[in-house]
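Please read the following note alongside the sequence and the model.

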Amino acid sequence: MTDEYSLLEIVKLCNTVPDINALISAEKAYRFLLNDDTLVGVLSNTDIAPLEAECAKHMEPLFVFDHSLRTVVFGAFYDTQEKRSAALAEILSKLRAQNKWATLAKWCGETFPVFGDKSQPNEVAVWVERAASSNFGIRAYGVHINGITWSKSGELLMWVAKRSMSKSTWPGYLDQMAAGGIGNGLGILESAIKECEEEAKVPRDIAMKAKLVGTTGYFMRSELGLHPETPYVFDLELPLDFVPVPNDGEVEEFYLWEINKVISSIKKKLFKPNCALCIVDFLIRHGIVTAENEPNYIEIINNIHRPLPFPGPRRV
């Protein structure tokens, strides 16, 4: 019989970095700072040597390393997001060719923004290849879409995706109907529409009805590095006769489940952790999990909406 876990235990799977300063101290990690000392990421000390060696090959090094303070900042020459992004892309490409960072084997040609530089357009300091985001410990953004419908008797139902067994991460686990990172400067709603179309073949005119209902926040780590993440969460009510179809190879099949079955599967750790967290948020917002029926209600909410120590976008 499969063990069952509490909802608090489930959402805590996404919060395995309880205190960033303690982590930096214990592991001698390096703070990734902008030139005004704004903290935008954290690098493992094991990643520093190959990065510094590659930077040293350039007349104007992209980063300046202070080993006594354990900080990494941009060199003075790199004063625009364009200069920084181009130089970083070149360096990461060389680290990838040299197999210096294992994460770069998952190179996908998608870039994530690092916010916090008020002198730059949209306050983006630099664009980082997605595969290297966990090396730099930067805050990442995504979209998670809850696909829901109502039975003829008025019962709430949720579409659940089973991840393809060929996925490099969490193969065979359960997922929301659609989810993915926000990269390459794509807008929030446009990212949600894109993921719905790509993963579940939801027509654009239906996907556009997705409602942005808020965000979640968590700070986890994996064998690949650090993952401080902020997903934008959408609810999309679908016609009862609509059936999502696997479209891009990332989903094996879809199920339409009653909410109790969704909750039971979450408690059995059958869902990818961050998707489980976003569904628990859904259950709270819709009054299914309440302070009356869940003893860990407040602590669950605190873990779902974890404050992150890095700046985010100030405008869309």
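1. Strand β8, residues 156-163, is largely enclosed by the rest of the structure, because 7 of its 8 residues are buried. A residue counts as buried when its relative accessible area is under 20%. Please bear in mind that the model is predicted.

2. Strand β7, residues 140-150, pairs with β8 in the antiparallel sense through 3 bridges. Within this pairing, Ile148 has Met158 of β8 as its bridge partner. The hairpin formed by β7 and β8 has 5 residues between the strands, and Gly154 adopts a positive phi near 90° there.

3. Strand β14, residues 251-258, runs antiparallel to β8 and is joined to it by 7 bridges.

4. The bridge partner of Ala161 in β9 is Asp175.

5. The largest nonpolar core comprises 31 residues, and Leu51, Leu62, Phe63 and Phe136 have the most contacts inside it. Elements giving two or more residues to this core include β1 (30-33), α3 (45-55), α4 (81-97) and β6 (124-129). Helix α4 provides the largest share, 5 residues.

6. Which residues is Leu51 in contact with, leaving aside its neighbours within four places in sequence? They are Leu43, Phe63, Phe65, Ile91, Leu95, Trp101 and Phe136.

Methods
Residues numbered from 1 in each chain as written. Predicted model: local features only at pLDDT ≥ 70, side-chain atom pairs only at ≥ 80, totals over all residues. Heavy atoms only, no water. Buried < 20%, exposed > 50% of the residue type's maximum accessible area, 1.4 Å probe, protein only. Helix = DSSP H or I, 4+ residues; strand = E, 2+ residues; numbered from the N terminus. Pairing = 2+ DSSP bridges. Core = buried A, V, L, I, M, F, W, Y, C linked by side-chain atoms within 4.5 Å. Contact = heavy atoms within 4.5 Å.
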